[in-house]
Structure formats: C-alpha cells, structure tokens
Amino acid sequence: MIIFGTRGYLYQLAILTMVCGWCGNPAAHTLRKRVTKFTLFFVPLFPFSTKFATQCTFCGGEQQIPKEQAEQLLAQHAASQDGNPFGQAQGQWQGQGQPGYAPGGPGQNRS
C-alpha cells in the first residue's frame, strides 16, 4: 500500500500598508505565499503549486496576485525598511525621551 497526497504550507512574507480593494480603507495587508507539496508516506517531496495573495487586516478581503507583483511588493517593502529588520520601531525601546525614564535605571537612588 502506497500512501500519497498533498499538504499545504502558508508563509507570511511581509506586512504592507495599502488601500484595500474591497473596503477602500488604508490598512495593513499581509503578503502570503501558499505552497502545495506532493507527499509520499507523509514526507513532502516537491512543490507543485505556488500562489501569492494579499489579505486586508481590516476587512479580511483576500486577493490573489501574480508572482511578479508579489516580488515587486516584497522588494518595495525591503527598500522601505533600509536594512532595519524592526522597521520604524528601532530606538523606541532605548527609553530615551520616554515618560518615567531615569538614566540610573530602576531601584537606584537619585538624590
């Protein structure tokens, strides 16, 4: 008896801010890649289907996009981050300029 079938994998590639084609709101969209692989004895062997889609986080509307458009959106996202893996959040966690921040740290006397 040979056991074979398929299994789907879902990868989140990026989170982009765009105007939604469904609801018309400027909202975050997730860029996703769905890969379907052929399996033999529950071991994934090779992919036979790859699809890309964006999904609005506001209304949940999903739109299939071609591979070329997905690569273009991913390149624009990478260029907008300028090599910063945390996006615009860099520097927020250093505490400088935040309310309640003291250079000596917590638990130290400031007399």
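The points below cover the basis of the model, its core, its strand pairing and its nonpolar surface.

The model is predicted: local features need pLDDT of at least 70, side-chain atom pairs count only at pLDDT 80 or more, and totals for chains, interfaces and linings use all residues. Residues are numbered from 1 along each chain as its sequence is written, and side-chain values use heavy atoms, with hydrogens and water left out.

**Nonpolar core**
- Ala14, Leu16, Leu31, Phe52, Ile65, Ala70 and Leu73 form the largest nonpolar core, which has 7 residues (buried Ala, Val, Leu, Ile, Met, Phe, Trp, Tyr and Cys residues joined through side-chain atoms within 4.5 Å; buried means under 20% relative accessible area, with a 1.4 Å probe and protein chains only).
- Two or more residues of this core come from each of β1 (4–19) and α1 (67–81) (DSSP runs, with helices H or I of at least four residues and strands E of at least two, numbered from the N terminus).

**Strand pairing**
- β1 and strand β2 (residues 26–40) run antiparallel and are joined by 15 bridges (strands pair if DSSP finds at least two bridges between them).
- Arg7 has Lys37 in β2 as its bridge partner.
- The β1 and β2 hairpin has 6 residues between the strands, and Gly24 takes a positive phi near 80 degrees there.

**Nonpolar surface**
- Strand β3 (residues 43–56) gives the most to the nonpolar patch, with 4 residues.
- Val43 is found in strand β3 and is partly exposed, with a relative accessible area of 43% (partly exposed lies between under 20% for buried and over 50% for exposed).
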